[in-house]
Amino acid sequence: MDKLTISQPDDWHLHVRTGSILRTVIDHSARQFGRAVIMPNLKPPVTTVEQALNYRQEILDALPLGSAFQPLMTLYLTANTPVAEIKKVADAEHVYAFKLYPAGATTNSDAGVADIEAAYPLFAAMEKYDVPLLIHGEVTDAEYDIFDREKIFIDSKLSRLTRQFPTLRIVVEHLTTQEAVQFVESTGDNVAATITPQHLLYNRNAILAGGIHPHYYCLPILKREHHRQALLKAASSGNPKFFLGTDSAPHLTALKENSCGCAGCYSAHAALELYAEAFEQVGALDKLEGFASFYGADFYGLPRNTSSVTLEKQAWRVPDVYADTDVAITPLRAGEQLQWRVVSA
Ligand code: DOR
Ligand code: ZN
C-alpha cells in the first residue's frame, strides 16, 4: 500500500505551551488534526474554567487564518480544586476533562496531587457529572525505579480508583507497558487509553544505547522491547479502548540538550506519519483509521470528523530544528527520513 485516505484524525493528548512556542508548533497539529485535547500543565497551571477559556483563545489566535482546528481544553487537578469547579467543567462548552498529575511526576507537575485518596471526593463529583479524568499514571517517590513507576501506579493507585468509581470515565494517558495494556483491557468500557508514536516506535535503547539521546527522553520513559510490542498489538487490535494521543511536548532544544534535560518528545510535525510507520511495521495500516479518527471521539462522546486526510509513501527529511526568533525545537527524527507524508488534509 502506498496511499492511504482516512477520516481526519484527532489528537487526544497534546502540549502546545504558550507564547512563541505555541506560535511555532500549533500549525503542525492544525494541519493534520481536527481537534486536540490540550494539556493544562502550564506555569502556572490551568486550574479554572476561566483560565482554560483564556488559554483556548490564545490558541485560536495563534492558528493560521481559516483553520478549523478545535482545541479541547482541560483543567489541571490540584489538592485545592473546589468540587464546584467540576460542575463548572460539566457545564462549560469548551472544557472537556480534568488532568491528574501525581505531584512531581513530570514537567510542571509540582502543583499536582500528592495524596490521590484525598482527592476521592473530586473523583466522586466527576463520576456524578460524567466529566472524564485523564491520568498521568506514574508513582513519584524517589524510592521507585523509573522503569517501574507506571506498573506500581496501576497496582497501588489505579486499580483501587477504578473499583471505587466504577462508572467514572478515565483515560490512562500515554501507556508504556504490557501491564498497562492488560489493565485497560480488563476494565470496563469507561476506561480507555492513549498511546504515543514514540512508545510504538522505540524502546529504551533509543535513549541510552550508543550515547545519550535526549530527544527520546519523555515520561513515562520508553521501556523494553516486549512492552513496545504489546503497545503495537493493542493500538492495532481494533479495540476502541486504545486511541491516538501524541503527547507531543515541545521544549527548547537547549533545555533538552542539557545536563538536566527536560522530558518530552516533540512529534506534532509528523504525528500521523510516525503512527503510519508504526502500524505498517505490524501490517495493520487498515487499523490506523479506527485508532486515529474514530475511537477517541466515540469515547469523549463527540462526533467523528467528516473530512479526510491522505497519506502517501513519499520520503522526506525531517528538519533539524523548527525555529522562530527566540525558539528552537528539535523534533523527533530530526534530520532523518520519514517514508510517509500527509499530502492533503
Ligand atoms: O515527557 C513528558 N513531557 N511527559 C509528560 O507527562 C509531560 C510532558 C511535558 O509537558 O513536557
Ligand atoms: Zn503529556
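Of the 14 residues around ligand 1, those that come nearest are Arg17, Asn41, Leu219, His251 and Ala263; a residue counts as near if one of its heavy atoms lies within 4 Å of the molecule. This is a predicted model, in which local features need pLDDT of at least 70, side-chain atom pairs count only at pLDDT 80 or more, and totals for chains, interfaces and linings use all residues. Residues are numbered from 1 along each chain as its sequence is written, chains are lettered from A and ligands numbered from 1 in the order in which they are written, and side-chain values use heavy atoms, with hydrogens and water left out.

**Ligand 1**

- The shell around ligand 1 is made up of four nonpolar, eight polar and two charged residues. Ala, Val, Leu, Ile, Met, Phe, Trp, Tyr, Cys and Pro count as nonpolar, Asp, Glu, Lys and Arg as charged, and the others, Gly among them, as polar.
- A nitrogen atom of ligand 1 has a backbone N or O atom of Leu219 at 2.8 Å, and a backbone N or O atom of Ala263 lies 3.0 Å from a nitrogen atom of the ligand.
- The side chain of His15 places an N or O atom 3.3 Å from an oxygen atom of ligand 1.
- Of the 290 Å² of accessible area that ligand 1 has on its own, the protein covers 100%; such areas come from the Shrake-Rupley method with a 1.4 Å probe.

**Cavities**

- There are two cavities of 30 Å³ or more. On a 1 Å grid over the protein atoms alone, a cavity is a set of points where a 1.4 Å probe fits but cannot get out, and lining residues have an atom within 4 Å of a point. Grid points are joined across faces, edges and corners, and a volume is the space filled by probe spheres set on the points.
- Ligand 1 sits in the largest cavity, meaning that more than half of its atoms lie within 2 Å of the grid points.
- The volume of the largest cavity is about 120 Å³. Its lining has 17 residues, with His15, Thr106, Leu219, Asp247 and Ala249 nearest the centre, and divides into five nonpolar, nine polar and three charged residues.
- The second largest cavity has a volume of about 50 Å³. Its lining includes His215, Ala249, His251, Lys256 and Tyr266, and by class it has seven nonpolar, four polar and one charged residues.

**Largest pocket**

- The largest pocket holds about 430 Å³ of space. A pocket is an open set of points with protein on both sides within 12 Å along at least five of seven lines.
- Arg17, Lys43, Thr107, Asn108 and His251 are the closest to its centre among the 16 lining residues.
- The lining of this pocket comprises six nonpolar, seven polar and three charged residues.

**Backbone features**

- Lys43 and Pro44 are joined by a cis peptide bond, with omega about -5°. Pro44 is in the loop between strand 3 (35-38) and helix 2 (49-62); helices (H or I, at least four residues) and strands (E, at least two) are DSSP runs, numbered from the N terminus.
- Another cis peptide bond links Leu219 and Pro220, with omega about -5°, and Pro220 lies in the loop between helix 8 (205-208) and helix 9 (225-235).
- His174 is not a glycine, yet has a positive phi of about 35°. The loop that holds His174 runs between strand 7 (170-172) and helix 6 (178-186).

Definitions and conventions: Polar contact = N/O pair within 3.5 Å; in protein donor to acceptor, adjacent residues only side chain to side chain.
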